[in-house]
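Please look at the model below.

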Amino acid sequence: MKLFDLTGRTAIVTGGGRGIGKSISLALAEAGANVVVASRTETELKQVCEEIETTYGRKAYYRTLDIRDQQSIQNLVDYAIQEEGKIDILVNGAGTNVRGRLEDYDEADWDFVMDVNLKSVYLMSKAVIPHMKKRKYGKIINIASLTSVLGFVNMPAYAASKGGVSQLTKVMAVELADDGILTNAIGPGYFKTEMTKSVFEDEERVKWMLSRIPLKRIGNLEDLKGTAVFLASSASDYITGQTIYVDGGWLIS
Ligand code: NAP
């Protein structure tokens with residue numbers, strides 16, 4: 001048995017246009033999967049699809065959507081089923097952040113962050129699960145964060161949403177176990193992406209990060225690929241409900 005082989009598998013990756021979602025999309029394709037990527041930015045999605053097809057020779061599709069919109073989510077899932085006939089892997093990767101201290105935090109920003117980061121996991125999973133149930137097979141990977149367990153300043157909604165993602169991962173794992181659907185999460189440390197650009201421009205903050213990381217380096221997007229393929233493949237068939245932190249050791253130090 002090829003433990004990490006995803007040949008013949010079909011994956012949907014939300015937030016697959018750039019950053020962490022893109023890296024995971026490329027990793028799944030490299031391991032053999034066909035991939036449907038989704039976000040709001042068509043140019044980025046197209047580019048990822050081209051890269052998947054030319055570099056890895058897998059089929060790649062995209063749909064633009066706002067992950068807060070249930071009908072668009074349903075259209076995405078219908079499209080994946082129409083093209084591939086099944087969904088084996090779902091990566092709930094779309095995410096956002098609006099920074100600010102709780103006492104000044106705008107209610108609309110709170111709702112926005114919670115909807116994009118947490119409610120989207122519920123809506124996407126709810127739309128995909130019936131298709132996985134039919135085949136008694138599925139691997140769902142949510143994207144959590146160090147803030148699923150740590151409190152960082154200026155992140156009230158983000159941390160609350162990511163704590164929710166880890167917790168929802170556990171509920172999904174127990175509810176779906178009998179249907180052969182395994183749900184886990186990846187908790188990345190700090191990775192340089194569009195979302196964290198401003199953080200990396202702050203030298204003091206980067207110094208502080210490095211002081212927290214036993215492996216003494218900031219992670220690069222390649223570092224997330226192995227865990228994504230592991231959780232999407234049969235190599236992880238006895239693991240469900242976990243959040244696996246890819247953080248250079250930050251959390252245990
Ligand atoms: P990023 O480069 O900004 O990527 C975010 C992705 O989510 C983009 O593809 C974005 O596409 C999509 N997205 C955002 N809002 C959306 C919406 N309303 N509808 C549909 N798609 C939406 O940031 P990233 O760092 O790679 O983040 C990816 C995931 O990793 C997020 O869940 C984030 O919370 C998590 N994470 C990141 C870090 C880090 O250090 N970077 C650490 C822990 C966890 P559009 O804007 O084009 O829609």
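What follows describes a strand and its pairing, then the ligand.

The model is predicted: local features need pLDDT of at least 70, side-chain atom pairs count only at pLDDT 80 or more, and totals for chains, interfaces and linings use all residues. Residues are numbered from 1 along each chain as its sequence is written, and side-chain values use heavy atoms, with hydrogens and water left out.

Strand β6 covers residues 181–188, and eight of its eight residues are buried, so the strand is largely enclosed by the rest of the structure. Buried means under 20% relative accessible area (1.4 Å probe, protein chains only). Strands are DSSP runs of E with at least two residues and helices are runs of H or I with at least four, numbered from the N terminus. In a regular strand the side chains alternate between the two faces of the sheet. In β6, I181, T183, A185 and G187 are buried on one side, and L182, N184, I186 and P188 are buried on the other.

Two strands pair if DSSP finds at least two bridges between them. β6 pairs in the parallel sense with β5 (residues 138–143) over six bridges, and I141 stands opposite N184. Between β5 and β6 the chain passes through helix α5 (residues 156–176) in a right-handed β-α-β crossover, where right-handed means that, with the strands pointing away from the viewer, the path from the first strand over the helix to the second runs clockwise. β6 also pairs in the parallel sense with β7 (residues 243–246), over four bridges; there P188 has V246 as its bridge partner.

At the ligand, a backbone N or O atom of I67 lies 2.8 Å from a ligand nitrogen atom.

Methods. Buried means under 20% relative accessible area, exposed over 50%, partly exposed in between (1.4 Å probe, protein chains only). A polar contact is a pair of N or O atoms within 3.5 Å; within protein, one must be able to donate a hydrogen and the other to accept it, and residues adjacent in sequence count only if both atoms are side-chain atoms.
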